[in-house]
Number of protein chains: 2
Amino acid sequence: MFNLYWADESGFPAGDRGAAYGDGLFETIRMCGNRGVLLSRHLARMGRDAGRLGIPIAHTDLRKACTAAVSRYADRFCNKDGESGWVLKLTLTRGEGGRGYQPGSGMRPNLMVSASPMPVAPATFGVAADVSRVPLTVNPLLAGIKSLNRLEQVMAAREITGELYEMIMSDSAGNLVEGTRTNLLLKGPGGWVTPPAKSLAVAGILRQWVLEKLRAKGEVVEERAVSMADVLGAHCQGLYLLNSVIGVVPVRSFAGQDLPADDGLATIFNPLELLE
Amino acid sequence: MFNLYWADESGFPAGDRGAAYGDGLFETIRMCGNRGVLLSRHLARMGRDAGRLGIPIAHTDLRKACTAAVSRYADRFCNKDGESGWVLKLTLTRGEGGRGYQPGSGMRPNLMVSASPMPVAPATFGVAADVSRVPLTVNPLLAGIKSLNRLEQVMAAREITGELYEMIMSDSAGNLVEGTRTNLLLKGPGGWVTPPAKSLAVAGILRQWVLEKLRAKGEVVEERAVSMADVLGAHCQGLYLLNSVIGVVPVRSFAGQDLPADDGLATIFNPLELLE
């Protein structure tokens with residue numbers, strides 16, 4: 001059981017714990033008409049991570065909300081060529097009530113559904129990124145959860161200016177962990193490298209899909225810390241940003257230094273083949 | 001310039017960045033009729049920390065919102081004895097707009113004002129507290145800010161059951177840092193000890209006031225890490241929880257062990273002397 005809110009009708013009620021404490025989580029899903037890219041994985045992640053937070057939501061309820069969202073929104077984004085790419089956002093909170101931080105018993109979650117146009121696509125030949133001055137801190141208990149506590153990402157995203165497409169955030173040891181809205185994948189002489197899931201603020205749907213795809217093709221993928229030297233050193237064969245709405249984005253310039261970049265990896269992710 | 005919302009009329013609009021990312025901060029202020037306990041300090045902290053987040057708000061605007069809140073709410077909480085303790089909550093967000101995490105330019109902040117009854121007072125002879133299983137992670141850039149990113153505190157507060165009044169959260173080194181809604185103050189043979197401000201998720205208004213008061217009385221106050229051994233060892237002369245709405249609360253039992261507790265420190269904080 002949950003309360004459904006449509007973002008084009010109203011916001012959450014004043015007592016909602018999402019707005020008060022960031023007590024909830026969200027998914028943004030790339031849609032094409034009435035189907036979603038890797039939709040099952042998005043809904044499975046939301047259900048699993050809601051469970052980690054102690055927010056009760058049934059997978060079937062999330063499915064129903066998506067179906068209702070498609071009925072409501074899909075036609076609005078259909079252009080004259082019949083294409084209808086759009087972004088579905090689900091925001092799930094613990095609901096209203098409790099005493100301060102302490103939740104009440106038997107609270108009913110609130111689910112907000114919104115739709116927006118696809119973001120502008122990045123240049124296929126690659127983008128520029130830099131290192132954020134905002135350090136990333138990841139609570140082991142909350143690692144990977146796309147929760148509503150995203151102030152660090154907001155502060156880092158404020159540094160995106162000019163030609164920059166993304167800021168990469170580092171941990172206290174100086175390792176590069178992730179972008180504000182993207183996970184990292186590095187290509188080196190020994191194969192692919194990406195920071196391990198337990199170190200991530202948000203463990204992306206596309207990151208997991210790409211790792212599985214690469215391994216299925218027999219490629220070596222190592223999950224370990226990524227240093228500045230790994231990216232800027234002579235061995236780097238490419239740095240990629242991963243986001244399930246945007247796709248795979250090669251980085252052609254990082255911290256002011258040119259990187260080898262091609263869109264080879266981008267071709268393995270064809271969103272039109274992953275619609276459900 | 002800001003948009004004012006009354007919590008008894010509506011919530012934030014659907015596009016508000018507070019609900020989306022916890023992109024904002026809040027204050028809870030103990031009120032007595034039309035005056036607030038340490039009101040100036042609360043408003044100064046909100047203004048200063050809003051500045052750290054890049055949210056523009058004028059001190060005079062916060063003052064005006066308080067004045068309007070008093071007109072609207074103070075009488076509602078006046079009981080038959082003419083007492084009128086209540087809690088004023090100000091929630092300030094960056095407002096609506098931007099592209100994902102990235103804020104737009106010239107955004108107008110949203111300020112939500114709400115009022116609630118005083119919480120039930122803890123026993124004056126002391127409360128029971130325990131160590132939370134939820135580790136506390138503090139981003140140096142956001143340290144001390146009472147931001148809307150409070151999921152760690154929510155998760156720790158879920159552990160408060162039975163006779164427990166508070167859970168104390170530890171950093172990765174195992175030092176005790178703060179409670180879900182309280183700062184810590186320890187009395188030892190050499191004087192008072194409290195974790196330093198830069199280590200805190202929330203640097204409380206009452207904590208700062210008490211430190212100044214103790215130093216003004218010539219007492220020794222040291223800001224350093226507090227270990228389990230500091231609290232449970234034979235040298236501990238008392239552990240206190242500080243919260244500007246609740247006051248100074250002695251801990252009589254910590255992690256199942258009795259502590260020396262008296263309400264001596266509580267007597268130096270008389271909220272009725274600090275009304276503005």
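**Exercise 1. Which residues does Asp23(B) touch, leaving out those up to four places away in sequence?**

- Step 1. From chain A, Asp23(B) touches Leu151(A) and Val154(A).
- Step 2. From chain B, the residues touched by Asp23(B) are Arg17(B), Gly18(B), Thr93(B) and Arg94(B).
- Step 3. Asp23(B) sits in the loop between α1 and β2 of chain B.
- Step 4. The C-alpha atoms of Asp23(B) and Pro103(B) are 9.7 Å apart, although 80 residues separate the two along the chain.

**Exercise 2. Decide whether Asp23(B) is buried or exposed.**

Solution. 
- Step 1. The count needed is that of other C-beta atoms within 10 Å, and 20 or more makes a residue buried.
- Step 2. For Asp23(B) the count is 29, so Asp23(B) is buried.

**Exercise 3. Describe the contact between the chains from the side of chain B.**

Solution. 
- Step 1. Chain B gives 42 residues to the contact, and chain A gives 42 residues.
- Step 2. On the side of chain B that touches chain A, α1 (17-21), β5 (110-117) and α4 (151-157) each supply at least two residues.
- Step 3. The largest share of that side is the six residues from α4(B).
- Step 4. By residue type, the side of chain B that touches chain A holds 22 nonpolar, 14 polar and six charged residues.

**Exercise 4. Check the length of helix α2 (residues 39-53) of chain B and find where its buried residues lie.**

Solution. 
- Step 1. With 15 residues at 1.5 Å a residue, α2(B) should span 21 Å, and the end C-alpha atoms are 21 Å apart, so the two agree.
- Step 2. The buried residues of α2(B) are Leu39(B), His42(B), Leu43(B), Arg45(B), Met46(B), Ala50(B) and Leu53(B).
- Step 3. Down the axis of α2(B), these buried residues fall within an arc of 155 degrees, so they line one face of the helix.
- Step 4. Ser40(B), Arg48(B) and Gly51(B), on the other side of α2(B), are exposed.
- Step 5. The partners of the buried residues of α2(B) are β2 (24-32), β3 (35-36), α3 (59-73), β4 (85-93) and α5 (205-216) of chain B.
- Step 6. After α2(B) comes Gly54(B), with a positive phi near 80 degrees.

**Exercise 5. Repeat the length check for α5(B) and list what its buried residues pack against.**

Solution. 
- Step 1. The twelve residues of α5(B) should span 16 Å at 1.5 Å a residue, and its end C-alpha atoms are 17 Å apart, which agrees.
- Step 2. Ile205(B), Leu206(B), Arg207(B) and Val210(B) are buried in α5(B).
- Step 3. The buried residues of α5(B) pack against α2, β9 (183-188), β10 (191-194) and β12 (238-243) of chain B.

**Exercise 6. What confidence does the predictor give the complex?**

Solution. 
- Step 1. The complex has an ipTM of 0.96 and a pTM of 0.97.
- Step 2. Chain A has an average pLDDT of 95, and 98% of the residues score at least 70.
- Step 3. Where pLDDT is low, the predicted coordinates should not be read in detail.

Terms used
Residues are numbered from 1 along each chain as its sequence is written. Chains are lettered from A and ligands numbered from 1 in the order in which they are written. This is a predicted model: local features need pLDDT of at least 70, side-chain atom pairs count only at pLDDT 80 or more; totals for chains, interfaces and linings use all residues. Two residues are in contact if their C-beta atoms, placed from the backbone, lie within 7 Å. Helices (H or I, at least four residues) and strands (E, at least two) are DSSP runs, numbered from the N terminus. Ala, Val, Leu, Ile, Met, Phe, Trp, Tyr, Cys and Pro count as nonpolar, Asp, Glu, Lys and Arg as charged, and the others, Gly among them, as polar. The expected span of a helix is 1.5 Å times one less than its number of residues. A residue is buried if 20 or more other C-beta atoms lie within 10 Å of its own, exposed if 12 or fewer, and partly exposed in between; C-beta atoms are placed from the backbone. The arc is that of the directions from the helix axis to the C-beta atoms. pLDDT is the predictor's confidence in each residue, from 0 to 100.
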